[in-house]
Amino acid sequence: MKPWLPSLLRLALVVLLVAFVTNPGWFEPLLKPLTENNAPVIYNQGSLLTLTLLHLRTVLIATVAATIVAVALAILVTRPAGAEFLPLSRSLVNIGQTFPPVAVLALAVPAVGFGERPTLIALFLYGLLPIFENALTGLTTLPANVVEAARGAGMTGWQRLIKVELPLSAPIILGGIRLSVVISLATATIGSTVAARTLGEVIIAGLLSNNLAFVLQGGLIVAALAVLIYDGLSAIERYTARRMGREAE
Amino acid sequence: MTLRFDKLGVVIAAISAYAAFAAPFATFRANRIVPGQARSIIEALPAATGPMLLAIIVAAALVALFRTPLALRLAASAVALAALALLIGVAGTFLTPAGNTFARISPASGFWSLIFAFTLLLADVLTRLNLSPWARVGALVVAALAIGLLLISGSWDNLSILKEYFNRADSFWAEGSKHVTLALGSLAAAVIVGLPLGILCHHVERLRAGVLNVLNIIQTIPSIALFGLLIAPLGWVATHVPGAAALGIRGIGTAPAFVALFLYSLLPVVANTVVGLAGVPRAANDAARGMGMTDRQRLFGVEFPLAFPVILTGIRIVLVQNIGLATIAALIGGGGFGVFVFQGVGQTAMDLVLLGAVPTVALAFAAAIILDAVIEMTATKRRVETA
């Protein structure tokens with residue numbers, strides 16, 4: 001494969017995605033064969049652009065919150081004071097992963113009502129696990145000689161954490177964030193079953209009115225977003241890994 | 001001897017104190033969808049039982065709060081959980097007015113927080129005990145038997161989640177078996193296709209990147225969209241391929257759900273097969289070749305057994321993920337426990353949501369524990385054999 005081909009494909013995908021969410025009318029002839037009985041081809045109960053931005057906002061808020069909490073927790077259990085929580089936190093992460101997102105979503109509704117909030121809770125809980133697991137891996141597999149050198153240079157525990165341990169773990173933590181974002185992008189669509197405004201709205205409208213064009217456009221936008229964000233984060237991850245001289249997973 | 005605080009115990013004691021004294025234990029509602037009224041432990045239980053439960057909670061929280069022997073902590077968490085499980089049923093019977101079939105009693109936030117706190121304690125003890133795989137499966141069986149006994153004895157019959165169950169007992173088991181069939185069937189199909197595909201990818205390097213990329217992209221398609229997109233092709237197959245409709249292949253229903261779960265399952269199975277086979281030590285392969293084993297003998301006699309724990313890890317991921325994803329099949333008429341979840345969300349009847357969600361979580365949890373135990377057993381066996 002030519003080295004410039006992937007970049008070109010990526011660029012084409014970005015252009016297509018932007019064109020689709022801003023001017024979906026252009027693509028009407030392509031999707032037309034998927035509809036029956038003159039049903040609308042392009043989602044007509046809200047603009048695709050607004051829904052895409054709302055979708056991204058939901059994922060962004062949940063991921064930022066999950067990253068802060070997960071990294072803080074991982075730091076806590078890898079300090080001497082929190083070391084006794086390490087095995088327990090590992091088993092809790094394992095147990096947490098067995099909760100299906102739909103169940104979390106539905107059970108959050110009575111506590112916080114319909115709309116964006118139950119979705120944020122479900123995405124937050126789901127996002128926590130991969131980030132926490134990777135942060136833990138990153139912080140517990142630091143090269144021992146580097147940590148010793150930092151200690152020998154007279155750095156305090158806090159200085160070591162900020163200047164040595166966290167930068168060295170950054171590529172692995174970023175890997176966790178990438179996984180978590182991709183899962184969240186897809187899971188956010190389920191949020192529309194409890195009335196959150198995400199691209200899931202388009203898909204569910206399509207399922208309810210038997211309109212395949214809706215299902216396809218909602219699904220493709222989410223998939224394109226996921227592929228692009230996955231790619232972008234992988235690139236950042238490789239860059240930091242090179243700078244830290246540490247191979248990402 | 002001086003008493004020292006246990007760090008986790010401080011958290012557990014704080015949660016239990018709040019839950020026992022400040023949060024509602026049970027909720028009383030005149031019918032299934034009106035807002036409920038909170039009842040504390042003392043209000044929700046008959047005269048002597050309320051203070052007794054409080055005493056048990058305080059005692060167990062104290063055991064957790066200080067550094068105490070593991071056996072004592074295990075007993076404290078087990079007794080507290082058992083008392084909570086028994087007495088929430090008593091509260092159901094006590095709070096239901098005689099002869100009233102509309103009133104609903106459900107566990108409230110205080111009850112759930114207490115369950116959470118003491119499950120945390122139990123999880124901590126079990127983690128620290130470092131149980132063998134068999135013992136963990138044994139603990140799971142004991143817990144399942146205890147819950148089964150409580151269900152059969154009828155002591156929970158007056159709780160609203162079981163009232164929802166009695167209204168749809170037949171469909172509950174039908175949807176349940178559909179759910180399990182979907183999750184296990186698609187897993188079996190993914191293993192049958194994914195293992196050979198993984199072995200092929202291991203040997204043919206040019207195929208590897210392509211196959212894994214395609215499977216990766218499938219994972220990014222949101223589940224509800226993939227379920228929906230399969231409706232059209234399967235509908236076409238049903239009407240155009242003779243005999244397909246007779247096999248139960250239809251545009252909506254179980255068939256698209258099955259295919260979607262199968263597609264999602266392929267990536268972990270194929271990827272883990274590739275990783276597992278790549279991790280087989282070169283020395284083992286060379287030795288096998290030196291002994292004059294054919295490629296086929298090497299695959300089944302050496303590479304496959306050595307890669308097995310990694311492949312099993314992929315299967316565990318798939319099974320837990322499928323049990324959760326199968327709930328979404330309900331959106332396209334594929335059945336499963338999701339039916340109750342989405343009906344409940346639609347009617348804002350949370351007990352109905354629980355009727356769908358609780359068995360799903362329990363199934364996923366049990367599957368995770370059992371497969372983790374199996375993985376550990378095969379991994380240790382391998383280490384013993386290679387040592």
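Mentor: Start with domains. Domain bounds come from an automatic or database domain assignment. For chain B, that assignment gives domain 1 (7-164) and domain 2 (169-386). Keep in mind that this is a predicted model.

Trainee: How many Å separate the centres of domain 1 and domain 2 of chain B?

Mentor: Taken over C-alpha atoms, the centres are 35 Å apart. The contact between them uses 11 residues from domain 1 of chain B and 13 residues from domain 2 of chain B.

Trainee: Which elements of domain 1 of chain B supply at least two residues of the side that touches domain 2?

Mentor: In chain B they are β3, α6 (133-153) and α7 (160-167). The largest share, four residues, comes from α6(B). By class, this side of domain 1 has five nonpolar, two polar and four charged residues.

Trainee: You mentioned β3. How do I read a strand?

Mentor: Begin with a general idea. In a regular strand the side chains alternate between the two faces of the sheet. Now take strand β3 (residues 104-107) of chain B. B:Arg104 and B:Ser106 lie on one side, and B:Ile105 and B:Pro107 on the other.

Trainee: Are those residues of β3(B) buried or exposed?

Mentor: All four are buried, so both faces of β3(B) are covered.

Trainee: Which strand pairs with β3(B), and in which sense?

Mentor: Strand β1 (residues 26-29) of chain B pairs with β3(B) in the antiparallel sense, over four bridges. For one bridge, look at B:Arg29: its partner in β3(B) is B:Arg104.

Trainee: What about chain A?

Mentor: Count its elements. Chain A has 10 helices and zero strands. Its C-alpha trace spans about 75 × 50 × 25 Å along the principal axes. Of its 249 residues, 42% count as buried. Then look at sequence separation. Take the contacts in chain A with a separation of 6 or more: residues 24 or more positions apart account for 72% of them.

Trainee: How do I read the place where the two chains meet?

Mentor: A general point comes first. The size of an interface is often given as the accessible area lost when the parts come together. Here we can count residues instead. The contact joins 37 residues of chain B to 39 residues of chain A. Several helices of chain B each supply at least two residues of its side, including α1 (7-21), α5 (109-129) and α14 (295-325). The largest share, eight residues, comes from α16(B). By class, the side of chain B has 25 nonpolar, nine polar and three charged residues.

Trainee: Which residues have the most contacts inside the largest nonpolar core?

Mentor: They are A:Ala106, B:Phe227 and B:Val341, in a core of 125 residues. Helix α12 (residues 254-278) of chain B gives the most to this core, with 14 residues. Now zoom in on B:Phe227. Beyond its neighbours within four places in sequence, its contacts include B:Pro256, B:Ala260 and B:Leu331. There is also a second, separate core of 34 residues, with B:Ile41 and B:Phe111 among them.

Trainee: How far should I trust the details?

Mentor: Check the confidence. Where pLDDT is low, the predicted coordinates should not be read in detail. Chain B averages a pLDDT of 86, and 95% of the residues score at least 70. Among the elements of chain B, helix α11 (residues 231-240) has the lowest mean pLDDT, 73. Helix α8 (residues 169-203) of chain B has the highest, 92. The model as a whole scores ipTM 0.78 and pTM 0.84.

Note on methods
Residues are numbered from 1 along each chain as its sequence is written. Chains are lettered from A and ligands numbered from 1 in the order in which they are written. This is a predicted model: local features need pLDDT of at least 70, side-chain atom pairs count only at pLDDT 80 or more; totals for chains, interfaces and linings use all residues. Two residues are in contact if their C-beta atoms, placed from the backbone, lie within 7 Å. Ala, Val, Leu, Ile, Met, Phe, Trp, Tyr, Cys and Pro count as nonpolar, Asp, Glu, Lys and Arg as charged, and the others, Gly among them, as polar. A residue is buried if 20 or more other C-beta atoms lie within 10 Å of its own, exposed if 12 or fewer, and partly exposed in between; C-beta atoms are placed from the backbone. A nonpolar core is a set of buried Ala, Val, Leu, Ile, Met, Phe, Trp, Tyr and Cys residues joined through C-beta atoms within 7 Å. Two strands pair if DSSP finds at least two bridges between them. pLDDT is the predictor's confidence in each residue, from 0 to 100.
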